[in-house]
Protein chains: 2
Amino acid sequence: MSGSTSPLAPKSFAVLPPIEGARMATAAAGIKYKGRTDLMMMVFDRPATVAGVFTRSKCPSAPVDFCRESLKGGVARALVVNSGNANAFTGKKGVQATAMTAEAAARAAGCATSDVFLASTGVIGEPLDAGKFSGLLAGLVQDASEDRWRAAGEAIMTTDTYPKLATRTASIDGVAVTINGIAKGAGMIAPDMATMLSFVVTDAPIAARALQAMLAEAVEPSFNSVTVDSDTSTSDTLLVFATCAAEHRGAGAVSDAGDERAASFKAALTDLLLDLARQVARDGEGARKAVVVEVEGAVDDRSAKRIALAIANSPLVKTAVAGEDANWGRVVMAVGKAGEPAERDRLAIWFGDVRVAFGGERDPDYSEAAASAVMQKDEIVVRVDLGLGDGRWTVYGCDLTKEYVAINGDYRS
Amino acid sequence: MSGSTSPLAPKSFAVLPPIEGARMATAAAGIKYKGRTDLMMMVFDRPATVAGVFTRSKCPSAPVDFCRESLKGGVARALVVNSGNANAFTGKKGVQATAMTAEAAARAAGCATSDVFLASTGVIGEPLDAGKFSGLLAGLVQDASEDRWRAAGEAIMTTDTYPKLATRTASIDGVAVTINGIAKGAGMIAPDMATMLSFVVTDAPIAARALQAMLAEAVEPSFNSVTVDSDTSTSDTLLVFATCAAEHRGAGAVSDAGDERAASFKAALTDLLLDLARQVARDGEGARKAVVVEVEGAVDDRSAKRIALAIANSPLVKTAVAGEDANWGRVVMAVGKAGEPAERDRLAIWFGDVRVAFGGERDPDYSEAAASAVMQKDEIVVRVDLGLGDGRWTVYGCDLTKEYVAINGDYRS
């Protein structure tokens, strides 16, 4: 948890309503931080269905390995998350720590260890002493209630300067269902401190397989389209739990992701994930400006996404944004290096509404003053039209500031 | 040209001997900079053979397009390089500027425009006023001499804090041949300022096709293995010219890259390019520490190179080096995100001679004090053994400092 709140923090936080069947509690276990909560447990008294996506890292953390196993059952009864230690690259000790935590959680919640899900975020390579908190889990289950979403969002923070919270409603068979989500993450990775974690809960009655298919689709334009520093955590974890409690209120069970009755739910889930993902990007380490890169006219969507990521990840584009410099030459450079089809002389580039380049050269009508005015905003939209096809994608990032270097490089100074 | 010289600059500069058949001169044309040279012309009074490699950008500069055409002839009589303006993304005006420069150079040198080679480095998107220097070229040809290598290296600098110079000798048929090279580049790209350019000249008698094949091989472990910020210029250009003057001293012509008689030349060329490439990396914008990433035990060399680049380009690894933090967890992260075969539990990582991680966890014998001592050096060697195969590669980079952000983001402050 960093000292000062990001200037890009939301003006007010979403208030998340209770979701029937999902209780939670937090504690200060003293894993690394002092004077704050660092442990969060969520309990589903009736089995919830569950879906998940994880880091693509070839060196995943022990909890990621553990969750991948639990996910095969498609059922969740408990989630335990700690901040302060990632339990990553911790060898056999790491596996022992996940086993010990899962056993304690299963005992406390009265379920099988395979119904437990785990996530850890914080320092990498340090053995996680699960003994520090495994004794607390029974108490947390006792204490857990449905109205602790903000506290849950705060307990999982590391270098985040604010908790990420979002809620949406949707309709299944005319019955209102709710989706709540929390997230953390300040670099896409900063193993000493950060990682991306997000936990989403709904009362909608969705079978595990359908939920997994919906999540796989919804994650593409949201969490898979944000970037802070192009680095990928060993621990990135996104889990969606469905308590199915709305079934008692008349919402029929959804067993297929293509079911038209779930269209509203899918749209709301995607929107919620995008909201959380953008909150993560806006809290990027050291970020002072949010960047939205909109690419259109690419040969296909995949190509548009790669070009958008090349722009959003370019250190030179990011430092130009930090310096409020409408340096469109660097956008040309980033398009050129993406390795995707592009034709210099068909390219058009805008900062906000100001077209700065067109037809292979500087826009003759381009006003430096107007572009500079755009760059002074706290969210900069960079739009690129490749003029080749219908492919389009939007990526969300942030600038690269001296504070990023300080946060990640100044430990010893 | 930046204010203060990099702490990683060489203690003394190589003194490049004359190479028969290659004359050069410089001038202050006032393209952008004041009080310094910004124009360099090299003349080959007898036709030289030539080979070249260029940026892979899909949005290359006008001079890159021009050189690609000239290269088809395989013959060079003149090279004109300016700093201060990249003539990139300048549309038809850019093509007109290259044509005007080439015509003036061809008139001055008494050759065809197709025997002229051009390079420009500096601001992107600004039309280049070739009229500022085309009138100077005849005088430069008159004035040119064989002993101006240092001046040539200085005239092509942009944000470089020192000129990059290297020389090697080799032997063909028992006759000594010389290779001289100059380079510039401080970011792999910084379109307002930098780009990577390198010009190499030898008196060895090598046919154009053979020279091209040798260059393609030599560039892989050298210029294609350095990175400052992962960004790729619209203008990167590396040209090798062979005046063939050593033929008169008894070195037989080499027409095939596989010719055993050229083995010494090939080795010297590779070594010279690596020397220049490392000088470029050590002058990375804002760099205070050089980073050498050695990857071994990968499934193949290509895989090793991708992993090494993922480590060397990671903002979190680079900021850790800047902060003298032996943060091997970030190296694990970078290995994991490279998308190449890797097994967490076979990974070993060293900083210098200190093994910090082994067998999927922190090395139990690892001394924090010893690792910290390594991190205080001005060149940090990060070694990774994947334990999977025989693939190996070495990549050269630098740290990421607040000065990098300042150089690239502080124009308007």
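## A partly exposed arginine to start with

Let's begin with A:R148, which is partly exposed, with a relative accessible area of 25%. This is a predicted model, so everything below describes a prediction. The side chain of A:R148 meets that of A:D143 in a salt bridge, with 3.4 Å from N to O. A:D143 is partly exposed as well, at a relative accessible area of 40%.

## Two chains and an axis

How does chain B relate to chain A? Turn chain B by 180°, shift it by 0.0 Å along the axis, and it can be laid on chain A with an RMSD of 0.0 Å. That is how a two-fold axis relates things. The two copies use the same surface for each other: 100% of the contact residues of chain B recur in chain A.

Which residue of chain B comes closest to the rotation axis? That would be B:K402, whose C-alpha sits at 2.5 Å from the axis.

## Where the chains meet

The size of an interface is often given as the accessible area lost when the parts come together. Here, chain A and chain B bury about 5,200 Å² between them, and 57% of that is on carbon and sulfur atoms. On the chain B side, 68 residues take part in the contact, while chain A brings 69 residues.

Charged pairs show up here too. How many salt bridges does the rule find across the interface of chain B and chain A? It finds six. For a cross-chain example, look at A:R362 and B:E126: their side chains meet in a salt bridge at 3.0 Å, N to O.

## Salt bridges within a chain

Side chains of opposite charge can pair when their charged atoms come close. Over all chains, the count by this rule comes to 50 salt bridges.

One to look up is A:R168 with A:D271, at 2.7 Å from N to O. This pair links distant parts of the chain, 103 residues apart: A:R168 belongs to strand 5 (residues 164-172) of chain A, and A:D271 to helix 7 (residues 263-282) of chain A. Both ends are partly exposed by their numbers, with A:R168 at a relative accessible area of 22% and A:D271 at 38%.

Over in chain B, B:E69 forms a salt bridge with B:K72. Their closest N and O atoms are 2.7 Å apart. Are these two residues buried or exposed? B:E69 is exposed, and so is B:K72.

Salt bridges can also join into a network, and here A:R56, A:E220 and A:K305 are linked that way.

## Rings and their neighbours

Now for the aromatic residues. The structure holds eight aromatic pairs over all chains. Take B:F13 and B:Y162: the ring centres are 6.4 Å apart and the planes stand at 40°, so this pair is tilted.

In chain A, A:F44, A:F117 and A:F241 form one aromatic cluster. A:K164 lies over the face of A:Y162, 4.5 Å from the ring centre, and B:R355 lies over the face of B:F358, 3.7 Å from the ring centre.

## Two loops with a positive phi

Finally, a couple of backbone details. Phi of A:N87 is near 45°, a positive value in a residue other than glycine. You can find A:N87 in the loop between strand 3 (75-85) and helix 2 (91-109) of chain A. At 1% relative accessibility, A:N87 counts as buried, because the cut-off for buried is under 20%.

B:E324 has a positive phi too, near 55°, and is a residue other than glycine. Where is B:E324? Its place is in the loop between helix 9 (315-322) and helix 10 (328-337) of chain B. B:E324 is partly exposed, with a relative accessible area of 28%.

Methods
Residues are numbered from 1 along each chain as its sequence is written. Chains are lettered from A and ligands numbered from 1 in the order in which they are written. This is a predicted model: local features need pLDDT of at least 70, side-chain atom pairs count only at pLDDT 80 or more; totals for chains, interfaces and linings use all residues. Side-chain values use heavy atoms; hydrogens and water are left out. Copies are superposed by least squares on the C-alpha atoms of residues with pLDDT of at least 70 in both. Contact means heavy atoms within 4.5 Å. Rings of Phe, Tyr and Trp (its six-membered ring) pair if their centres lie within 6.5 Å; planes under 30 degrees apart count as stacked, over 60 as edge-to-face and the rest as tilted. A charge sits over a ring if NZ of Lys or CZ of Arg is within 6 Å of the ring centre and within 35 degrees of the ring normal. Buried area is the accessible area (1.4 Å probe) that two parts lose on being put together, summed over both. A salt bridge is a side-chain nitrogen of Lys or Arg within 4 Å of a carboxyl oxygen of Asp or Glu. Buried means under 20% relative accessible area, exposed over 50%, partly exposed in between (1.4 Å probe, protein chains only). Helices (H or I, at least four residues) and strands (E, at least two) are DSSP runs, numbered from the N terminus.
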